[in-house]
Amino acid sequence: MVRISMKQTTTPNKRAPQRTCVACRAVKDKRELTRIVRTPDGTISIDTKGRMAGRGAYICASLVCWQTGLESNKLDYVLKTKIAPEERKRLLAEGRSLIGGG
Ligand SMILES: [Zn+2]
């Protein structure tokens, strides 16, 4: 008896972790997105290294997404906090310099 085994060759596919942008809802590789963290003391910080403790939100390296995320309260919603207007301005400025212009 001949048994045909349907052995599938699985190519070693290292799947990068994926995250959703809070602004445009696009799912991208984690490393393509910028992490924004609400730290345990309540500060909102841009986590460039991706290892800060706290509740995180991800956003595209696109100025449009930064503006949308910050101006439409989407970030507040995801981070379950209220971001003060000056914080928004600061984050937007930081994001802009991170993206590199606009
Ligand atoms: Zn986006």
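Predicted model: local features only at pLDDT ≥ 70, side-chain atom pairs only at ≥ 80, totals over all residues.
Residues are numbered from 1 along each chain as its sequence is written.

The secondary structure of the chain consists of three helices and five strands. Helices (H or I, at least four residues) and strands (E, at least two) are DSSP runs, numbered from the N terminus. Of the 102 residues in the chain, 20% are buried. A residue is termed buried if 20 or more other C-beta atoms lie within 10 Å of its own, exposed if 12 or fewer, and partly exposed in between, with C-beta atoms placed from the backbone. Two residues are in contact if their C-beta atoms, placed in this way, lie within 7 Å. Among the contacts with a separation of 6 or more, 48% are between residues 24 or more positions apart.

Three strands form an open sheet in the order β4-β3-β5, with antiparallel pairing. Strands pair if DSSP finds at least two bridges between them. The edge strands, β4 (44–47) and β5, each pair on one side only. On average, and with direction ignored, neighbouring strands of this sheet are turned by 30° against each other. The angles refer to axes, which are lines fitted to C-alpha atoms, for helices over the stretch in contact; they run from 0 to 180 degrees between N-to-C directions. Helix α3 packs on the sheet and touches β3 and β4, its direction making about 10° with that of β4.

Six bridges connect β3 and β5 in the antiparallel sense. Leucine 33 has cysteine 60 of β5 as its bridge partner, and threonine 34 is bridged to isoleucine 59, also in β5. Strand β3 is joined to β4 by four bridges, and these two strands run antiparallel. Here the bridge partner of valine 37 is serine 45 in β4. β3 and β4 form a hairpin with five residues between them, and glycine 42 in the turn has a positive phi of about 95°. Five of the six residues of β3 are buried, so this strand is largely enclosed by the rest of the structure.

Helix α1 (residues 63–71) contains valine 64. In α1, Cys65, Trp66, Gly69 and Leu70 are buried. These residues lie on the same side of α1, because they cover an arc of only 120° around the axis. The arc is that of the directions from the helix axis to the C-beta atoms. The cover over the buried residues of α1 includes β5, α2 (74–79) and α3. Val64 and Glu71 are exposed on the other side of the helix. Valine 64 is classed as exposed because it has 11 other C-beta atoms within 10 Å. The C-alpha atoms of valine 64 and cysteine 24 are separated by 9.0 Å, and the two residues are 40 apart along the chain.

The largest nonpolar core has 15 residues, of which Cys21, Val22 and Ile59 touch the most other members. A nonpolar core is a set of buried Ala, Val, Leu, Ile, Met, Phe, Trp, Tyr and Cys residues joined through C-beta atoms within 7 Å. At least two residues of this core come from each of β3 (33–38), β5 (55–60) and α1. β5 supplies the largest share, four residues. Apart from neighbours within four places in sequence, valine 22 is in contact with Ala57, Tyr58, Ile59, Gly69, Lys74, Leu75 and Val78. In soluble globular proteins, nonpolar side chains tend to be buried together.

Two residues other than glycine with positive phi lie in loops between helices. Asparagine 73, in the loop between α1 and α2, has a phi of about 65°. Asparagine 73 counts as exposed because it has 12 C-beta neighbours inside 10 Å. Lysine 80, in the loop between α2 and α3, has a phi of about 50°. With 9 C-beta neighbours inside 10 Å, lysine 80 also counts as exposed.

Helix α3 (residues 85–99) has 15 residues and spans 21 Å from its first C-alpha to its last, close to the 21 Å expected at 1.5 Å a residue. The expected span is 1.5 Å times one less than the number of residues. Glycine 100 follows α3 and has a positive phi, near 95°.
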